[in-house]
Amino acid sequence: MKLLKVDTVKEVEKKMEQHFQCFQVNSEEIHILDALGRVLAENVYSAIDLPEFHRSTVDGYAILSKDTFGVSESLPNFLDIVGKVEMGERTDLCVESGKAVYVPTGGMIPKGADGVVMIEYIEQLDEKTIAVYRPIAPGDGVISKGEDMRKGDVILSKGRRIKPQDIGALSGIGMNSVKVFQKPKVAILSTGDEIVDPKGKIKFGQIRDINTYALSALVMKMGGEVIYKAVIKDDYQTLKRVVEQVIDQSDLVVISGGSSVGVKDVTAKVINDLGDPGVFVHGVAIKPGKPTIIGKAKDTAIFGLPGHPVSALIVFQLFGKHFIDQMLSIGAKNQWIIEAVAGSNIHSSPGKETYQMVRIIEENEQYIAKPIYGKSGAISLITQADGYIKIDTNKEGIQKGEKVRVTIL
């Protein structure tokens, strides 16, 4: 039997960067309400100062702060009310020493005032007079023009995945649309004579398709678009024909199953027969996921993943995310990682990077990563796991209580 010549994870990533360095998706302009989760294709600069005027952050009276120095509940200062600011309206009022202007939260600060005393710290004696019982410092209760952001500031950077608060910021500077990268197009194929669509009845000995659905969801979470998915037989001609149908419309073709060196494992042969350079990775020093294939043909990336669901998801989380992030100019800072401590001793596999599924539990104000054991074909292993930890090749396992980094699934 032919043996796999394995690469380390870092060697695989280096090869991917060499072969896929020219891979890039185009950009498109979309409405900000459609931008959640999309990736910015350019820096976003503020076209305005924000706020555009000095604004009150509290409900109270705009005053000169020096008029409150030394005041207390037993020794208040008395100020004359000279007007009020209407919400959302410009004001031409001016505050002088001994005077006060009512300002609602968000209202414009009148000229001359350098602070706002909260309404809780004053007493209105009559329609024209207030008593101030607490001192304020210059700037209290006020957000100054441009304090939030200045005109020309970069507020969101290229490669950032847009969050709900980002959409609020875009709206706040008057932007209705934003330029984002188009979603990488992915075709997903599951191979296996025993694999069938999960709908309806199945024969004894058949297995409902898991990988096509799980990988599709993972692609969408990573920012890609699934343009085709299917379950096909373990047959060279059938697999080659289907890949040829989808390869020109895809940035990435993912094939799960058929990646090892068995008689019916034809993925590598199909990739090599589609064009140069063909397969450049066949075997990775990881557990699970050793028989992983990565290749390129007709300017499309092609991944051959193990058929076991856990192995397929871990491998795609490693290399599929690396590929999609590269296409979308996303940096490592966007990894889904949390800090935790190991809930028990965890063994590693000598000579391989080991990826151990874990469940995350919060105890005593810290996260505990508890290992979940099971066969890589067990669907329960996926549903119970919150993520996985990586144990480096030369590390002999992890001790209970040791700090670990958990990649969230």
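The stops below go from a helix to a cavity, then to the cysteines and some backbone details.

**Before you start**

This is a predicted model, in which local features need pLDDT of at least 70 and side-chain atom pairs count only at pLDDT 80 or more, while totals for chains, interfaces and linings use all residues. Residues are numbered from 1 along each chain as its sequence is written, and side-chain values use heavy atoms, with hydrogens and water left out.

**Stop 1: helix H5**

Select residues 267-274, which form helix H5. Helices (H or I, at least four residues) and strands (E, at least two) are DSSP runs, numbered from the N terminus. Which residues of H5 are buried? They are Thr-267, Ala-268, Val-270, Ile-271 and Leu-274. Here buried means under 20% relative accessible area, exposed means over 50%, and partly exposed lies in between (1.4 Å probe, protein chains only). Now look down the axis of H5: its buried residues fall within an arc of 160°, so they line one face of the helix. The arc is that of the directions from the helix axis to the C-beta atoms.

Next, show what covers these buried residues: the cover includes helix H4 (236-246) and the strands E17 (252-256), E18 (278-282), E20 (293-297) and E21 (300-305). Contact here means heavy atoms within 4.5 Å.

Look at both ends of H5. In the loop between E17 and H5 is Val-266, which is buried at a relative accessible area of 15%. Just after H5, Gly-275 has a positive phi of about 145°.

From the covering strands, pick Leu-305 in E21. Leu-305 is buried, with 0% relative accessibility.

**Stop 2: the cavity**

How many cavities of 30 Å³ or more does a search of the whole structure find? The search finds one, and the volume of the largest cavity is about 30 Å³. On a 1 Å grid over the protein atoms alone, a cavity is a set of points where a 1.4 Å probe fits but cannot get out, and lining residues have an atom within 4 Å of a point. Grid points are joined across faces, edges and corners, and a volume is the space filled by probe spheres set on the points.

Select the lining of the largest cavity: Gly-37, Arg-38, Val-39, Phe-181, Gln-182, Lys-183, Gly-223 and Leu-328. This lining has three nonpolar, three polar and two charged residues. Ala, Val, Leu, Ile, Met, Phe, Trp, Tyr, Cys and Pro count as nonpolar, Asp, Glu, Lys and Arg as charged, and the others, Gly among them, as polar.

**Stop 3**

Select Cys-22, which is exposed at 71% relative accessibility. Then select Cys-94, which is partly exposed with a relative accessible area of 47%. If a disulfide is a pair of cysteine sulfur atoms within 2.5 Å, the count is zero.

**Stop 4: backbone details**

Most residues other than glycine have a negative phi, and most peptide bonds are trans. The next selections depart from this.

- Leu-50 and Pro-51 are joined by a cis peptide bond with omega about -5°; Pro-51 is in the loop between E2 (44-45) and E3 (55-56).
- Lys-287 and Pro-288 are also joined by a cis peptide bond, with omega about -5°; Pro-288 is in the loop between E19 (286-287) and E20.
- Ser-329, not a glycine, has a positive phi of about 60°. Ser-329 is in the loop between H6 (309-327) and E22 (337-342).
- Glu-365 has a positive phi near 60° and is exposed, with a relative accessible area of 80%.

Technical notes: On a 1 Å grid over the protein atoms alone, a cavity is a set of points where a 1.4 Å probe fits but cannot get out, and a pocket is an open set with protein on both sides within 12 Å along at least five of seven lines; lining residues have an atom within 4 Å of a point.
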